[in-house]
Amino acid sequence: MSEHDNVILEGANISKSFGTKRTRQQVLFDVNVHVCAGECLAVIGESGSGKTTLTRILLGLETPSAGDVLFSGASIEGNAGRAQLKLLREQSGIVYQNPFESLDPRWTAGRSVAEPLRLLPKQDSARARDDEQIGARVADALELVGLPPAEFVDRYPMDMSGGQAQRVAIARAIVKNPRILLADEPMSAIDVAARVQILDALAASRERNPQMAIVIVSHDLGVVQNIADRIVVIHHGRIVEQGTTAQVLNTPQEHYTKELIAVASM
Amino acid sequence: MTDATPHNTQSKQSKQSKQPRQSKRPEQLHGWRRTLHRAGIIVSTMWHHGTGRFSMIVLGIWVLVSIVSLFWTPQSLWATDGYNVWAKPSRTHWLGTDGTGADVFSWLMAGSRTNLLIVLLTVIFALAFGLLLVALMVSRNTALAHGSVVAIDALISIPTVLIALMLAVPLGASILGIVIACGFGYGLNLARVARPQALLAARSMYVQSALSNGASATRVFFTHVLTNIRPVVIVQCSLCAGTAVLAEAGLTYLGVGVPSGVPSWGVSLTSSVKFISIYPMTVIWPGLIVTVVVVALNLFGDALHDAADPLSNPRLRKAQ
């Protein structure tokens, strides 16, 4: 089986502009990117390079100005792709940068983690049938990210540390065993000590669900080296280099990538 | 005799068996039991604060008197005595009589149920109307959102009294007129005050996460947005309830509120205010009740706001 057969999500010739005619600003230029099942793809680049916009487009959270996004080989764009977009949303999870902004402050951790399960369509085989099943799966997800369920299921975000809250966010993203997990700079708002716990949580979720593809947006090359199989380097809205983690980090070809690595090793 | 005798052991065992069963820990409770447990904590938190306790006692008495007045009043409302007008408080007439010789206490008792009905209906109307406007203002359809903000800013400039006067043309002096006029005005006010908090929630990452998981906009509004504007809505509802009591008195005085003959605090005030120089007590009693109830409603809102929000009530967070 070739790599292309295993592609789960693909962005083809994606361009994106923001603003009106007068203030139009293009942030992505004809970008081609794909991620395979079971693979961890890291999108790296400086702030404002367009990496978050690219990943949001890939997950159907933004519409591209031009180009197409294919999930399991079918487009998610336009009216024709509505059903595929719905399927993508059902089969993906997202971890945001700031855990305290991504968790409802008036919801307990248990309720937040259970939300994706309650939103699954009735005919979905992954849907939990009753509160007891939901409770068991929430406890399982919390356990997986290293949070004792008995202690955390009824805790509010304000009573957690940044690392704990981010692990709750990861538990919410993985609770329905998604095929794709998007992590948008999941460690940038977390202190260094807690980053190891986040990495462990991501590693554990990969181990549990080996077919899950992860797209991680980061400018922390240490994190990327630890978790990514492949790297895409993005600069001013264009992909300047891509390859396996070892290739990109050990033998960078582009000047921009070399600069990024040099800055990271300082 | 030592403690180890069979008799003592048996009595110890029977004592142990008689001990009350340990109640379940909060995290073991589910469904309505959990809701009841949380409600108990909210009530207990309010009771432990002076202002909360005061408001609960006053509002409790109001509700109780309203219910009792449906079945019993010390004197018949229509029992007038022309030879006993402006009577001082006595064993027969606890708060005296008015200019027609009717019992002031009985009229205030019966009036409490009318005012309670007006307050409840006004709050329900304002809440439904206000939340509908909030939903429009935080809509993802920008034209609808901006249009509703402009419309609310324009409509909020119309005085409630003017609305009540306009409604009096088709409806006459009626309870419905007060409810619609006040509910409309306070609904607009609630929407305007709750909008910033609602916008914060609607544009938040947790809402984005819910939407990306397939939640509908309606579901997001009811689960995330409403939960996060609840503290603001509670305070606005209590203010609305307080001002509805005042508005009932004011609109009745203007002749567009509760029709004469229907007992209410506003009717009691209106019918006796002309005679304040002859016998001020008949004005002071309903005035005093209106003041105490309005203060209690405002304090109740503040106490409930603090007690029902898990962010400001650590007992509620620990009780989960």
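Helix 4 (residues 104-137) of chain B packs against helix 10 (residues 265-273) of chain B at an angle of about 130°, and their axes lie 7 Å apart. Helix 4 of chain B is therefore oblique to helix 10 of chain B, since angles under 35 degrees count as roughly parallel, over 145 as roughly antiparallel, 65 to 115 as roughly perpendicular and the rest as oblique. The axes are lines fitted to C-alpha atoms, for helices over the stretch in contact, and the angles run from 0 to 180 degrees between N-to-C directions. From helix 4 of chain B, the residues B:W107, B:L108, B:G111 and B:N115 meet B:W265, B:V267 and B:S268 of helix 10 of chain B, where contact requires C-beta atoms, placed from the backbone, to lie within 7 Å. This contact of helix 4 with helix 10 of chain B has four nonpolar, three polar and no charged residues; Ala, Val, Leu, Ile, Met, Phe, Trp, Tyr, Cys and Pro count as nonpolar, Asp, Glu, Lys and Arg as charged, and the others, Gly among them, as polar.

The model is predicted, so that local features need pLDDT of at least 70 and side-chain atom pairs count only at pLDDT 80 or more, while totals for chains, interfaces and linings use all residues. Residues are numbered from 1 along each chain as its sequence is written, and chains are lettered from A and ligands numbered from 1 in the order in which they are written. Helices (H or I, at least four residues) and strands (E, at least two) are DSSP runs, numbered from the N terminus.

| Helix pair | Angle | Axis distance |
|---|---|---|
| Helix 4 (104-137) and helix 10 (265-273) of chain B | about 130° | 7 Å |

Residues including A:G162, A:Q166 and A:I170 of helix 7 of chain A and A:A194, A:I198 and A:L202 of helix 8 of chain A make the contact, whose residues divide into six nonpolar, five polar and one charged.

Chain A also holds an open sheet of six strands in the order 6-7-8-3-9-10, with mixed pairing; two strands pair if DSSP finds at least two bridges between them. Strand 6 (92-95) and strand 10 (238-244) of chain A stand at the edges with a single partner strand each, so one side of each has no neighbour in the sheet. The twist from one strand to the next averages 15°. Strand 6 of chain A runs parallel to strand 7 (residues 180-184) of chain A, and four bridges join them; A:V95 stands opposite A:A183 in strand 7 of chain A.

An open sheet of four strands in chain A has the order 2-1-4-5 and antiparallel pairing, with strand 2 (25-36) and strand 5 (74-75) of chain A as its edge strands. Helix 1 (residues 51-58) of chain A lies across strand 1 (7-18), strand 2 and strand 4 of chain A, and runs at about 125° to strand 1 of chain A.

Between the chains, 17 residues of chain B are in contact with 21 residues of chain A. Helix 8 (205-212) and helix 9 (217-254) of chain B are the elements that give two or more residues to the side of chain B that touches chain A, and helix 8 of chain B provides the largest share, five residues. The predictor gives the complex an ipTM of 0.87 and a pTM of 0.84.

Chain B averages a pLDDT of 87, and 90% of the residues score at least 70; pLDDT is the predictor's confidence in each residue, from 0 to 100. Over residues 1-23 of chain B, however, pLDDT stays under 50. Where pLDDT is low, the predicted coordinates should not be read in detail.

Terms used:
Two residues are in contact if their C-beta atoms, placed from the backbone, lie within 7 Å.
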